[in-house]
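Keep the viewer open as you read.

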Amino acid sequence: MARRTGWLLLAACFHMAYVLRLSAGVLAAPLGREFGLTAGTFGLMSSMVFYAYTLMQVPVGILADTAGPRLTAAWGMAAAGAGALLFASAGSPFLLFAGRILMGAGVAGAFVCTMKFLADNFEGERFATLSGITSLIGNAGGMTAQAPLALLVAALTWRWSFVLLGCVSLLLSLLCFLVLPRGGRRPFAFPALAEGLRNVFSSAGMYSVTLNYLSSQACFLALSGTWGISYLKAVHRIDGAPLMTLLAGGVMAGAVAAGKLSDLWRSRKKPLCLFALAHFFLWGLLVYLPGPFPRPGLAVLLGGLGFFAGALVIPWSVARELNFPEHTGLSIAVMNTVAFLAVAVLTSSMGRVLDSAAAMPPADAWRHVLLLPLAVSAAGLVGALLTPETFGRKKTG
């Protein structure tokens with residue numbers, strides 16, 4: 001019972017990590033009015049959470065292994081809560097940026113700590129099942145950050161909404177400290193880390209699968225976390241929050257389908273290529289089909305974009321099969337570092353392109369903006385095609 005309580009608590013932290021990371025998408029209008037943010041500045045502000053998340057990936061992995069999930073998650077959620085409260089009280093763009101940085105750094109360990117706790121406390125099928133449920137709980141945070149958060153902002157204002165999010169994060173921090181087991185600590189050994197990094201980077205397949213992984217993450221998170229609602233309002237003249245919820249739901253369904261298909265076909269490469277091709281094709285439709293689209297067509301298109309971005313779970317398996325078992329966590333941390341750097345760069349770059357195209361009609365301006373994720377999805381297809389087949393492979397020393 002105690003183990004399941006600990007897992008559910010950490011899964012709740014993972015859910016909150018998604019909410020905070022993707023929360024900027026519903027704030028473009030109120031922040032633009034209050035602070036006079038340009039599209040470029042808003043995109044850069046939003047991307048700060050991803051830059052901070054990127055820089056903290058390897059450090060929180062080390063902390064989870066050495067200090068343990070209890071202290072790592074407790075201090076992380078405390079920092080995230082402080083960041084949300086700072087964001088809520090911001091009187092200048094500088095404090096908005098600082099709040100986003102603190103939120104990103106704080107939630108960086110949520111996924112790592114949850115996986116570490118599962119690995120230490122559950123085995124076999126129970127571990128696989130709970131890992132899948134954890135992924136669903138986390139990705140459901142992407143849905144919470146869309147229509148539900150938009151309704152909360154409309155009811156309470158954006159400032160009071162982030163006060164509430166900050167208080168929930170601080171409560172989760174306290175519960176992690178009080179509920180999670182202390183566990184054993186072990187000292188950090190830099191030579192072991194250096195050796196692990198050398199092994200990860202010596203695997204040629206890691207480069208191609210990371211290219212595919214960053215494509216799925218960057219395209220999905222840039223659209224759902226920052227620009228999707230603004231795009232739908234400007235080009236299609238609709239409230240985009242409900243459709244962005246479909247995008248997040250599509251990723252949840254796609255992640256389950258991609259994993260099942262990989263096991264059914266006994267292949268990592270085949271479903272990875274199939275999903276990457278469909279992902280690229282749908283981005284092409286979004287960019288080049290004349291708009292505005294009817295709402296049902298948009299719903300299908302955005303749900304499909306989310307569904308085929310759900311293949312991001314396959315690279316986790318590829319990384320595990322390309323590397324020694326003791327380097328599995330490190331290899332995934334490296335992939336996450338590169339992927340979330342790509343998210344941050346793509347998010348801020350889309351804002352800069354939108355500023356440069358401000359004189360164009362909205363449909364033309366956004367077509368220029370969406371060429372960026374289209375190009376990233378093309379790179380993801382190339383990465384999938386170059387990724388080696390690893391199903392059933394187990395690397396041993």
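The paragraphs below go from the overall picture to the details.

First, a word on how to read the values. This is a predicted model, where local features need pLDDT of at least 70 and side-chain atom pairs count only at pLDDT 80 or more, while totals for chains, interfaces and linings use all residues. Residues are numbered from 1 along each chain as its sequence is written, and side-chain values use heavy atoms, with hydrogens and water left out.

What is the protein built from? It has 16 helices and zero strands; here helices (H or I, at least four residues) and strands (E, at least two) are DSSP runs, numbered from the N terminus. With a radius of gyration of 20 Å, close to the 21 Å that the globule rule gives for 397 residues, the protein is as compact as a globular protein of that length. That radius is taken over C-alpha atoms, and the globule rule is 2.2 Å times the number of residues to the power 0.38. Taken along the principal axes, the C-alpha atoms fill a box of roughly 60 × 45 × 35 Å.

Buried residues account for 56% of the 397 residues. Buried means under 20% relative accessible area, exposed means over 50%, and partly exposed is in between, using a 1.4 Å probe and protein chains only.

Now turn to a pair of helices, H10 (residues 204–235) and H16 (residues 362–386). They pack at an angle of about 160°, with their axes 8 Å apart. Axes are lines fitted to C-alpha atoms, for helices over the stretch in contact, and angles run from 0 to 180 degrees between N-to-C directions. H10 and H16 are therefore roughly antiparallel to each other. Angles over 145 degrees count as roughly antiparallel, under 35 as roughly parallel, 65 to 115 as roughly perpendicular and the rest as oblique. The crossing of H10 and H16 is left-handed, which is the term used if the near helix is turned anticlockwise from the far one by less than a right angle; clockwise makes it right-handed.

Which residues form this contact? On the H10 side they include Leu211, Leu214, Trp227 and Tyr231, and on the H16 side they include Trp366, Leu370, Val376 and Gly380. The residues of the contact divide into 17 nonpolar, seven polar and no charged. In this count, Ala, Val, Leu, Ile, Met, Phe, Trp, Tyr, Cys and Pro are nonpolar, Asp, Glu, Lys and Arg are charged, and the others, Gly among them, are polar.

H3 and H4 (residues 69–88) make another pair, packing at an angle of about 165° with their axes 11 Å apart. H3 and H4 are therefore roughly antiparallel to each other, and their crossing is right-handed. Met45, Val60, Leu63 and Ala64 in H3 meet Pro69, Thr72 and Phe87 in H4. Sorted by type, the residues of this contact are six nonpolar, one polar and no charged.

Staying in H3 (residues 39–66), look for Ser46. Is this serine buried or exposed? At 0% relative accessibility, Ser46 counts as buried. Beyond its neighbours within four places in sequence, Ser46 is in contact with Ala24, Arg100, Gly225, Thr226 and Thr347.

Leu301 has 7% relative accessibility and so counts as buried. Not counting residues up to four places away in sequence, Leu301 touches Leu282, Leu285, Leu286 and Phe293. Leu301 and Leu285 are 16 residues apart in sequence and 8.3 Å apart in space, C-alpha to C-alpha.

Next comes the loop between H10 and helix H11 (241–265), where you will find Gly240. Gly240, at 0% relative accessibility, counts as buried, and it is in contact with Ile229 and Leu232, leaving aside its neighbours within four places in sequence. Arg237 lies in the loop between H10 and H11 too, but at 65% relative accessibility Arg237 counts as exposed. Phi of Arg237 is near 55°, a positive value in a residue other than glycine.

Finally, visit Thr157 in helix H8 (residues 147–179). Thr157 has a positive phi of about 80° although it is not a glycine. At 42% relative accessibility, Thr157 counts as partly exposed.

Key:
Contact means heavy atoms within 4.5 Å.
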